[in-house]
Amino acid sequence: MIIKNKTIINDDWIVFRLGEKDTPGSVVVPPGKVIVPLKVWQAQRDVLQVRTGLGVWLASDERAEDLKSDIENFSVIAVDFPKFADGRGYSIAHHLRTRLGYTGELRAIGDVLRDQMFYMQRVGFDAFAARADKDKKEALKGLSDFSFTYQASSDEKLPLFRRIQRGGGL
Amino acid sequence: MYRYDQFDHQITAQRVAQFRDQVYRRLAGELTEDEFRILRLQNGLYMQIHAYMLRVAVPYGLLSAAQMRMLASIARKYDRGYGHFSTRQNVQFNWIKLQDAPDILTDLASVEMHANQTSGNCIRNITSDEFAGVARDEIVDPRPYAEILRQWSTFHPEFAYLPRKFKIAVTGATEDRAAIAVHDIGLAAVKNAQGEVGFRVLVGGGLGRTPIIGTEICDFVPWQHVITYLESIVRVYNEYGRRDNIYKARIKILVKAIGIEEFKRRVEADWQFTKDGPCTITVEELNRVAAFFTAPDYEQLPENDAAVAAQLCENRAFSNWMQRNVKPHKVPGYAAVVLSLKKTGIAPGDATAKQMDAAAELAERFSFGELRVTHMQNLVLADVKQSDLIALWQAARELGMATPNIGLLTDIICCPGGDFCSLANARSIPLAKAIAERFDNIDFQHDIGEIELNMSGCMNACGHHHVGNIGILGVDKDGEEWYQVSIGGAQGNDSSLGKVIGPSFTFAQTPEVIARLLHVYVRERFADEHFIDTVRRIGHTPFKEYVYAAPIEAAEGLTGEEYALLAAPYDTPLYAPGV
């Protein structure tokens with residue numbers, strides 16, 4: 001189960017992570033709907049690009065630009081949060097949405113918690129694999145903490161001062 | 001000053017509701033302390049030695065009388081009747097209970113205040129010049145820009161989990177009174193040859209374990225582009241700043257590591273995507289915000305007041321105060337007045353609820369109902385008629401806020417230190433008190449003249465010891481408190497970092513060390529030469545030699561314990577479910 005487009009849905013994607021002894025070039029990617037690490041995609045592009053229903057995930061120290069010419073190949077792109085306090089994933093999402101023009105599913109994976117989801121949604125995530133030990137219904141509430149926001153981001157293309165008429169001086 | 005519109009109100013109210021729910025979930029055990037810690041920090045709540053501390057934001061140091069009264073009310077209702085004004089123009093309450101925090105935030109929101117992002121690895125309260133709008137050397141009033149940047153940085157979705165905290169200071173005057181060179185980003189508003197407003201941008205300054213003076217990344221960013229330019233700086237930092245070592249995670253380390261040229265190249269490469277885009281500030285938005293900072297209804301007054309001039313000749317105490325605590329104002333017949341929170345015997349920056357209420361009243365009586373908090377931990381009434389100065393002086397004296405020591409030896413910058421702070425290696429408030437007592441003679445202080453003594457209880461440097469003309473740093477040696485002394489630091493236009501003079505001292509020795517440093521200064525100074533200039537002219541050696549020449553006997557009976565704040569027992573234990 002994941003949260004997608006503000007509802008809880010069944011999910012049949014498998015996030016494929018490298019084991020300690022695996023190398024990106026030689027590891028065997030299982031069949032089916034798999035989200036592979038960026039490094040595996042880069043090492044096995046020739047084999048993988050013929051598959052349909054493929055996803056890729058970026059680690060927090062990897063860069064959205066590395067997917068630049070490949071974005072069309074994926075039905076889902078995921079960004080991993082190794083710890084919820086690691087904020088690099090927010091900038092990765094920003095780049096994917098605003099610089100690379102990615103419009104498909106952008107999924108937050110890893111240490112994904114309710115109290116960070118509002119910001120994640122703002123920078124362009126539309127799917128959240130909330131941490132398994134947390135109640136998904138509760139997590140869903142995190143997406144509606146605020147009705148207004150000051151800045152432009154992926155969800156609002158304009159900052160508040162261009163979006164609406166604001167109150168004036170005395 | 002800025003007033004909230006419905007959107008500011010709603011965003012603030014929803015933030016309080018969000019945090020109330022987070023506190024509830026913490027108390028119910030649904031959130032672990034590890035998950036909750038970052039959430040409470042971003043709402044200003046620290047866990048200190050005795051209790052939770054709440055750090056309330058005072059955006060760019062500006063307070064209304066009503067807001068000051070609310071701070072007094074919070075001090076009475078939820079704390080122990082006092083608060084502490086910090087070097088980042090914030091207010092800290094030291095004895096807070098976790099379950100009270102949401103109610104305090106609700107009270108604050110009722111007067112358009114908050115504690116958003118006063119801690120945590122995010123963009124902190126934006127600080128500025130305490131004389132903004134009234135200073136004679138002002139080029140551009142920085143307050144509208146500071147408010148626009150406050151809104152931009154508030155709950156910025158991309159920058160809530162940066163590698164480390166991020167501090168921005170803005171000034172708009174010739175003299176830098178906001179210490180912009182020791183901030184992650186320092187902004188100085190300037191005008192170009194065409195008279196257009198823009199910002200000189202410094203990046204990568206900071207104190208702490210690795211003190212560094214900020215480097216210029218751009219000499220002129222037109223004001224319209226300041227949001228997008230800053231966004232690119234913070235984005236590059238978010239992407240490339242180190243996260244493997246908390247002590248190497250500030251932007252200053254990144255800038256040093258890759259060099260300012262490469263850092264600038266990355267920033268400007270990113271900026272090309274957003275420059276002139278929707279985040280460009282509009283003239284309408286600048287005008288909307290600037291309209292909140294127009295000049296109050298000044299009267300037409302003569303440049304000087306006759307009664308004040310007479311009193312200056314007759315009354316030594318008054319003239320001392322005029323000389324130190326009263327600053328020039330751009331409007332004839334007005335002055336800006338510093339209310340000193342550095343009375344000997346009081347922890348630097350502390351004010352009681354009674355003093356806060358009284359300061360609010362003084363603001364209403366004498367200064368259009370507004371106050372400012374300074375990064376030197378004092379208060380300012382920025383718009384006082386000179387003809388009111390005598391009455392104000394008398395009232396401030398009765399409140400213990402007229403010590404004529406602004407910019408002098410006992411105007412000590414001091415962090416809360418080991419009495420409160422869980423990071424501290426040593427106590428700082430007791431030593432500040434002991435030093436203030438030793439040099440309490442105001443004539444002696446006026447003779448010594450302008451000098452900055454800054455003290456931090458640990459290398460995180462909340463007391464800005466690196467940029468004190470004399471800096472004192474508390475260090476831990478085998479479980480004992482020692483103090484390392486440096487000289488030659490300075491803030492402002494000519495910022496420099498102090499150099500340690502030698503091995504550290506005990507608590508009881510330190511006041512004598514200060515006395516010896518001053519002795520060398522008095523011996524060596526040219527007429528009217530400030531302490532810092534003497535240090536720069538003759539170097540460290542004469543000071544060092546004299547300090548260490550003879551054994552420093554500990555002053556009899558002088559111990560930290562004697563000055564220690566009573567570590568009053570906290571009757572409600574810190575709540576930690578499952579521990």
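**Domains and helices of chain B**

The centres of domain 2 of chain B and domain 3 of chain B, taken over C-alpha atoms, are separated by 32 Å, where the domain bounds come from an automatic or database domain assignment. This is a predicted model, in which local features need pLDDT of at least 70 and side-chain atom pairs count only at pLDDT 80 or more, while totals for chains, interfaces and linings use all residues. Residues are numbered from 1 along each chain as its sequence is written, and chains are lettered from A and ligands numbered from 1 in the order in which they are written.

Domain 2 of chain B spans 127–291 and domain 3 spans 306–398. Nine residues of domain 2 of chain B are in contact with eleven residues of domain 3 of chain B, contact meaning that the C-beta atoms of two residues, placed from the backbone, lie within 7 Å.

Chain B also contains helix α6 (residues 226–240) and helix α8 (residues 260–271), which pack at an angle of about 125° with their axes 9 Å apart. Helices here are DSSP runs (H or I, at least four residues), numbered from the N terminus, and axes are lines fitted to C-alpha atoms over the stretch in contact, with angles running from 0 to 180 degrees between N-to-C directions. Among the residues that meet are B:Tyr229 in α6(B) and B:Phe263 in α8(B).

The contact between the chains takes 34 residues from chain B and 33 residues from chain A. On the side of chain B that touches chain A, the largest share, seven residues, comes from α1(B).

Terms used:
Helices (H or I, at least four residues) and strands (E, at least two) are DSSP runs, numbered from the N terminus.
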